[in-house]
Amino acid sequence: MKRLLVPKLSQICQTAAEIPVIFDHENIKWQPIDTVNWPDHPYHPTVFFRIAHSGDTIYIMYHVTEENTRAVNAEDNGRVWEDSCCEFFSQFEKGGIYYNMECNCIGTLLIGCGESRSNREQASLDTLKSIDRWSSNGRLPFAELPGITTWELALRIPVSAYFKSAIQSVSGKVVYANFYKCGDKQKQSHYLSWNPIDTPHPDFHQPNSFGELVFE
């Protein structure tokens, strides 16, 4: 199980667009999402994430270089996993509910919560709107782009977005989590994870395979 210290920023990011500059200034380190768990899906784009917090807000940034970037879904709570998609799954208590936050490369977001893949409750549109997003691709949808592209995505997540949990702050907490990159309908479908997953077929809904985030 991987374990990562999540630093607390000395400067608060007021918007998602500020995250890249403030992360650079505070030297927030990149972490690879590079585990290919399933041989039937060998394609391996280059993917990194970095994460920090300010107590009541979590900040995440992704950096992706891949072929055939896709961003068809423009409505929140849609099928974003079919596009070029980065995902953050998290759980505040072992064996309890966990959250899936899935965002395509233009900032279209899906949030679900529950105890298993078959038991998910979607976040309200008001909850989704509380998460500010920035993408180097802009926010307009586009069909699959041929060739290799590099893009970045940043999310500013208030703890109130964890709509089934009474979380006031993540300071000092240990959160169980995994980070993913996928693209079910890209020309080269792929399923990468930060912490390894031991299942016969692609399945990100595996809280037993989450690593640990230790929030400073």
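First, some ground rules. This is a predicted model, where local features need pLDDT of at least 70 and side-chain atom pairs count only at pLDDT 80 or more, while totals for chains, interfaces and linings use all residues. Residues are numbered from 1 along each chain as its sequence is written, and side-chain values use heavy atoms, with hydrogens and water left out.

Let's start with the pocket. On a 1 Å grid over the protein atoms alone, a pocket is an open set of points with protein on both sides within 12 Å along at least five of seven lines, and lining residues have an atom within 4 Å of a point. The largest pocket holds about 360 Å³ of space; that volume is the space filled by probe spheres set on the points, which are joined across faces, edges and corners. Lining the largest pocket are 17 residues, and Trp81, Glu87, Glu102, Arg117 and His205 are the closest to its centre. Strands S6 (85–91), S7 (98–104), S8 (109–116) and S9 (119–122) each give two or more residues to that lining. Strands here are DSSP runs (E, at least two residues), numbered from the N terminus.

Now, how many salt bridges does the structure hold? There are 9, counting a side-chain nitrogen of Lys or Arg within 4 Å of a carboxyl oxygen of Asp or Glu.

Take Glu212 and Arg3: the closest N and O atoms of this salt bridge are 2.6 Å apart. Glu212 sits in strand S14 (residues 211–215) and Arg3 in strand S1 (residues 3–6), 209 residues apart. Is Glu212 buried or exposed? Glu212 is buried, at 17% relative accessibility, whereas Arg3 is exposed at 59%. For these words, buried means under 20% relative accessible area, exposed over 50%, and partly exposed in between (1.4 Å probe, protein chains only).

Next come Lys164 and Glu121, whose side chains meet at 3.4 Å, N to O. Lys164 is partly exposed at 49%, and Glu121 is partly exposed at 38%.

Lastly, a network of salt bridges links Arg79, Glu82 and Lys185.

Methods. 1 Å grid on protein atoms, 1.4 Å probe; cavity = no way out; pocket = protein on both sides within 12 Å on 5 of 7 lines; lining within 4 Å. Helix = DSSP H or I, 4+ residues; strand = E, 2+ residues; numbered from the N terminus.
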